[in-house]
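I opened this model to look up the ligand site and a few backbone details. My notes follow in the order I took them.

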Amino acid sequence: MKDTFRHKGLRQILVDELIGKGISDQSVLSMINEIPRHLFMDNAFVQFAYKDKAFPIGSGQTISQPYTVAFQTELLQLNPYEKVLEVGTGSGYQAAVLIGMESNVYTIERQKELFTKTKDFLPKLGYNCNFYYGDGYKGLDKFSPFDKIIITCGAPNIPEGLIKQLKVGGRMVAPIGNGDVQVMHLIEKLSETEIRTTTHGEFSFVPMLNNKN
Ligand code: SAH
């Protein structure tokens with residue numbers, strides 16, 4: 001697992017591209033600059049790893065586009081040591097960004113193969129968090145409440161159960177919608193009974209799975 005000057009150079013170009021697309025959170029940008037995305041892919045094709053594109057990771061899933069990862073993370077407004085739930089572990093790249101920003105990450109994956117693979121892989125890179133196999137639509141009640149929740153697959157609707165697992169003052173970032181296109185939602189929990197929902201443009205995610213192995 002090698003990271004070279006060439007990889008570092010390509011990451012800097014990617015960071016500049018993300019700045020050009022409107023990402024401004026310095027700690028998010030420094031994570032994109034730091035994390036060797038090429039190591040999160042099945043075949044380490046450098047020419048793809050640092051393109052601002054989603055990429056297949058096996059089991060019919062994708063590693064999210066760097067812009068999407070940066071955009072969602074920026075919307076979360078993370079503070080160090082916050083407890084964060086990620087739905088859709090996938091390759092672990094988004095989790096690495098959250099961990100790198102000193103979050104206490106709980107990540108849940110619906111596909112056994114990806115869960116096992118990423119649970120083994122991520123700590124090898126020095127990124128440690130709590131991995132769970134299950135249905136993220138239901139969240140992780142046992143470990144709630146969370147300061148922040150990030151959903152990285154297209155959810156059919158805003159998961160009510162996850163709002164319950166969010167702290168008052170907490171933020172959830174979730175792509176909502178069936179089909180090929182989802183609308184990015186930011187849900188702020190204002191009190192036990194009030195939420196504020198705002199939308200932040202269209203994105204394309206793999207669908208949230210319901211009953212999978
Ligand atoms: N955050 C990932 C993105 C992976 S794509 C990354 O950085 O690579 C979305 C992931 O969500 C896939 O791995 C998919 O298997 C997973 N997923 C789909 N439905 C899910 C559900 N109900 N609960 C948890 N994970 C789910």
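In which loop is the place of Pro145? I found Pro145 in the loop between strand E5 (130-133) and E6. I keep in mind that this is a predicted model.

Backbone entry. I checked the peptide bond between Ser144 and Pro145 and noted that it is cis, with omega at about 5°. I then looked up Ser59, which has a positive phi of about 55° although it is not a glycine. Ser59 belongs to the loop between strand E1 (55-58) and E2. I wrote both down because most residues other than glycine have a negative phi, and most peptide bonds are trans.

I located the ligand in the largest pocket. For the elements around the ligand, I listed those that give two or more residues to the shell: strand E2 (61-63), strand E3 (83-87), helix H5 (93-100) and strand E4 (104-109). The largest share comes from E2, with 3 residues.

I counted 26 residues around the ligand, and the closest are Ser91, Glu109, Asp135, Gly136 and Leu209. Sorted by class, the shell holds 10 nonpolar, 12 polar and 4 charged residues.

Next I looked up polar atoms facing the ligand. Ser91, one of the closest residues, has a polar side-chain atom 2.7 Å from an oxygen atom of the ligand. Gly88 uses its backbone: a polar atom there is 2.9 Å from a nitrogen atom of the ligand. Gln94 also has a polar backbone atom to note, 3.1 Å from an oxygen atom of the ligand. I then checked the area: the ligand taken alone exposes 580 Å², and the protein buries 100% of that.

Aromatic entry. I searched the whole structure for aromatic pairs and got 11. I took down one of them, Tyr106 with Phe146, which is edge-to-face, at 5.7 Å centre to centre and 70° between the planes. This pair links distant parts of the chain, as Tyr106 is in strand E4 and Phe146 in strand E6 (residues 146-151), 40 residues apart.

Notes. Residues are numbered from 1 along each chain as its sequence is written. This is a predicted model: local features need pLDDT of at least 70, side-chain atom pairs count only at pLDDT 80 or more; totals for chains, interfaces and linings use all residues. Side-chain values use heavy atoms; hydrogens and water are left out. A residue is near a molecule or strand if one of its heavy atoms lies within 4 Å of it. A polar contact is a pair of N or O atoms within 3.5 Å; within protein, one must be able to donate a hydrogen and the other to accept it, and residues adjacent in sequence count only if both atoms are side-chain atoms. Accessible areas come from the Shrake-Rupley method with a 1.4 Å probe; for residues, only the protein chains shown count as cover. On a 1 Å grid over the protein atoms alone, a cavity is a set of points where a 1.4 Å probe fits but cannot get out, and a pocket is an open set with protein on both sides within 12 Å along at least five of seven lines; lining residues have an atom within 4 Å of a point. A molecule sits in a cavity or pocket if more than half of its atoms lie within 2 Å of its grid points. Helices (H or I, at least four residues) and strands (E, at least two) are DSSP runs, numbered from the N terminus. Ala, Val, Leu, Ile, Met, Phe, Trp, Tyr, Cys and Pro count as nonpolar, Asp, Glu, Lys and Arg as charged, and the others, Gly among them, as polar. Rings of Phe, Tyr and Trp (its six-membered ring) pair if their centres lie within 6.5 Å; planes under 30 degrees apart count as stacked, over 60 as edge-to-face and the rest as tilted.
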